[in-house]
Amino acid sequence: MEYKTERANRMYTNEDLQIFVDLSQTLSFSQTARNLHLSQSTVSKRIKDLETALQVILIERGQGMKSLRLTLAGENFLTIANEMLSLWKDACHLGRGRWQSSFTIASLSSLNIQAIPTISDYLHEHIPTTHLHVMTSHSGLIYDLVERHQADLGFSLIAREYQNTLVEKWFSEPMVVVRPAGTEIFSPVCSPRDLPQEMEIYNYSGISFQAWHDEWWAPVNNSYISLDNASLIPLVLNKPGQWSVVQISMAKKLAATGRYIIQKLTDPPPDRVYYLVTHLHPTQTAARILSALRPCLQSFAGQEDSAGKVIHKG
């Protein structure tokens, strides 16, 4: 697809927009060139041609700079570029005999099994022409994806003030200890003091969890193993005596297999809180699907009174 600017009488294409979007993430001409299988000189020229066509500077370059930076015009155009690429992607479905809207969720690994099947079934039932795309990421990166319109909805463990995002508390759940069946226990409740760190399967569960963990144990590198993906826990939590602190929903799923047992803590960490992250100015398609998805998100949370509480808007 080609676009022509009136002021500069220059053309640019969807490929130029894609190069710019990729460059906004890498902030490196060489890395974008590798990502898109182009030469670095081609990437540089296409960005320069795009700037000429728009008659603005999108990328700040300069001697002594360790990395590139988007100018204010570049930050504003990034939203436009993502919107144009999204619209073109949707338009391509017109010639395929069926209109399909695309909706992208940036999810945490711990929520993929827990929430995505419910959301997928709901969308299939209520908006069957929606193509759902799920990206697994970390809480911090999810804000970037939403802010850049690369995700329409994000699930995060962090409530962060972030430009052009709307942050709402979704739901919370307590944390418990899960252990392999065969572990000798004397009570359904245990103290953190009873849990040897050398037998811990550590999984990061947010800033407040980390602060709680640091009050009871030495640095994480003293644990048996440290993970950044909760889906790996069942693969390594398999020896009697091992333990891991996880959210109750995951613990129940593990216990249902018959291979794990659950213990509550006398001094538990703060509840694990999940947040919904959306763009302050969503595309029309994203806004429509988000509106239709609200009842499902509230039902999943199981606490409609607290769901939808705005934490940050800006």
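This is a predicted model: local features need pLDDT of at least 70, side-chain atom pairs count only at pLDDT 80 or more; totals for chains, interfaces and linings use all residues.

User: Which residues of helix α2 are buried?

Analyst: Helices (H or I, at least four residues) and strands (E, at least two) are DSSP runs numbered from the N terminus. Buried means under 20% relative accessible area, exposed over 50%, and partly exposed in between, with a 1.4 Å probe and protein chains only. In α2, residues 29-36, the buried ones are F29, T32 and A33. They lie on the same side of α2 because they cover an arc of only 105 degrees around the axis, the arc being that of the directions from the helix axis to the C-beta atoms.

User: Against which elements do the buried residues of α2 pack?

Analyst: They pack against α1 (14-26) and α3 (40-54), where contact means heavy atoms within 4.5 Å. Just after α2, H37 has a positive phi of about 60 degrees.

User: How is strand β8 paired, and in which sense?

Analyst: Two strands pair if DSSP finds at least two bridges between them. Strand β8 (residues 165-173) pairs with β15 (residues 272-279) in the antiparallel sense over 8 bridges. Of the 9 residues in β8, 7 are buried.

User: What is the strand order in the open sheet of 4 strands?

Analyst: The order is β10-β14-β9-β13, with mixed pairing. Because β10 (189-190) and β13 (244-247) stand at the edges with a single partner strand each, one side of each has no neighbour in the sheet. The pairing of β10 with β14 (residues 260-265) is parallel, over 2 bridges, and V189 stands opposite K264 in β14.

User: How is a pocket found, and what is the volume of the largest pocket?

Analyst: Rolling a probe the size of a water molecule over the atoms shows where empty space is left. On a 1 Å grid over the protein atoms alone, a pocket is an open set of points where a 1.4 Å probe fits, with protein on both sides within 12 Å along at least five of seven lines; lining residues have an atom within 4 Å of a point. Grid points are joined across faces, edges and corners, and a volume is the space filled by probe spheres set on the points. The volume of the largest pocket is about 460 Å³. Its lining has 20 residues, of which S86, K89, T104, H149 and Q150 lie nearest its centre. Helix α4 (72-92) gives the most, with 6 residues.

User: What is the volume of the second largest pocket, and which residues lie nearest its centre?

Analyst: The second largest pocket has a volume of about 360 Å³. Among its 16 lining residues, L70, E75, L78, E147 and Q163 lie nearest the centre. The largest share of this lining, 4 residues, comes from α4.

User: Is T71 buried or exposed?

Analyst: T71 counts as buried because its relative accessibility is 16%. T71 lies in the loop between β4 and α4. Not counting residues up to four places away in sequence, T71 touches I57, L58, I59 and E60.

Methods
Residues are numbered from 1 along each chain as its sequence is written. Side-chain values use heavy atoms; hydrogens and water are left out.
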